[in-house]
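Hi everyone, thanks for coming. Could you bring the model up on the screen, so that we can walk through it together?

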Amino acid sequence: MPPKEVFLSHSSQDGVITTRIAETLRNHGIPVWYSATNIRGAQQWHDEIGKALKRCDWFMILLSNDSIVSRWVKLELSYALTHSQYNERILPVTLEDCDYESLSWTLDSFQMVDLNHDHEAGCRDILNTWGFGLDVDKLS
């Protein structure tokens, strides 16, 4: 079943690749929420993150050396792990080799998607999670 909306948890240090992933998903008709495009000036960003976490039905976490030490990524993941709307709907995506277990020992129990070695294959695997095929013309 396709997601209603994917919450994209990431480090701001990974902004370029995060934007590429979000654009690829949106180009394939999958709604994505992430802070760089969904929080406007003067908004209370922590409130907006909380609203999005409550609203979204899938949680994708981008794993990198920067994200595994991010306080906000850890808080977002903790929320996803403890709320039933995300049962069987957490998708960890590795952007680089990193010690993701230092973020949460539970991540190893999820099927991971590897974007570290082949971006196109990784995007294909992400889309396959929801039964979508990759249209390379819509790859960002």
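Predicted model: local features only at pLDDT ≥ 70, side-chain atom pairs only at ≥ 80, totals over all residues.

Residues are numbered from 1 along each chain as its sequence is written, and side-chain values use heavy atoms, with hydrogens and water left out.

One more bit of bookkeeping: helices (H or I, at least four residues) and strands (E, at least two) are DSSP runs, numbered from the N terminus.

Let's look at helix α4 first. Which residues of α4 are buried? They are Val 73, Glu 76, Leu 77, Tyr 79 and Ala 80. Looking down the axis of α4, these buried residues fall within an arc of 155 degrees, so they line one face of the helix; the arc is taken from the directions from the helix axis to the C-beta atoms. On the face of α4 turned away from the buried side you'll find the exposed residues Arg 71 and Thr 82. Arg 71 also lies over the face of Trp 72, 5.2 Å from the ring centre. For that label, NZ of Lys or CZ of Arg has to be within 6 Å of the ring centre and within 35 degrees of the ring normal.

As for length, α4 has twelve residues and reaches 17 Å from its first C-alpha to its last, close to the 16 Å expected at 1.5 Å a residue. That expected span is 1.5 Å times one less than the number of residues.

Now over to α1. Its buried residues are Thr 18, Ile 21, Ala 22, Thr 24 and Leu 25, and down the axis of α1 the buried residues fall within an arc of 160 degrees, so they too line one face of the helix. What covers them? The cover includes β1, β2 (32-33), β3 and α5, where contact means heavy atoms within 4.5 Å. After α1 comes Gly 29, with a positive phi near 85 degrees.

Ile 30 sits in the loop between α1 and β2, and Ile 30 is buried, at a relative accessible area of 2%. Not counting residues up to four places away in sequence, Ile 30 touches Pro 3, Val 6, Leu 25, Leu 127, Trp 130 and Phe 132. Ile 30 and Leu 127 are 97 residues apart along the chain, yet their C-alpha atoms are separated by 9.1 Å.

That brings us to the inside. A nonpolar core here is a set of buried Ala, Val, Leu, Ile, Met, Phe, Trp, Tyr and Cys residues joined through side-chain atoms within 4.5 Å. The largest one has 21 residues, and those with the most contacts inside it are Leu 25, Met 60, Val 93, Ile 126 and Trp 130. The elements giving two or more residues to this core are β1 (6-9), α1 (15-27), β3, β4 (90-94) and α5. Apart from it lies another core of 20 residues, including Ile 49, Phe 59, Tyr 86 and Cys 98.

Now for the rings. How many aromatic pairs does the structure hold? There are five. Rings of Phe, Tyr and Trp (its six-membered ring) pair if their centres lie within 6.5 Å; planes under 30 degrees apart count as stacked, over 60 as edge-to-face and the rest as tilted. Trp 58 and Trp 130 make an edge-to-face pair, 5.4 Å centre to centre with 90 degrees between the planes. Trp 58 lies in strand β3 (residues 58-63) and Trp 130 in the segment after α5 (119-128), so this pair ties together parts that are 72 residues apart in sequence. Both Trp 58 and Trp 130 are buried. Tyr 79 and Tyr 86 are also edge-to-face, at 6.5 Å centre to centre and 75 degrees between the planes. Finally, Phe 7, Trp 33, Phe 59, Tyr 79 and Tyr 86 form one aromatic cluster.

Notes: Buried < 20%, exposed > 50% of the residue type's maximum accessible area, 1.4 Å probe, protein only.
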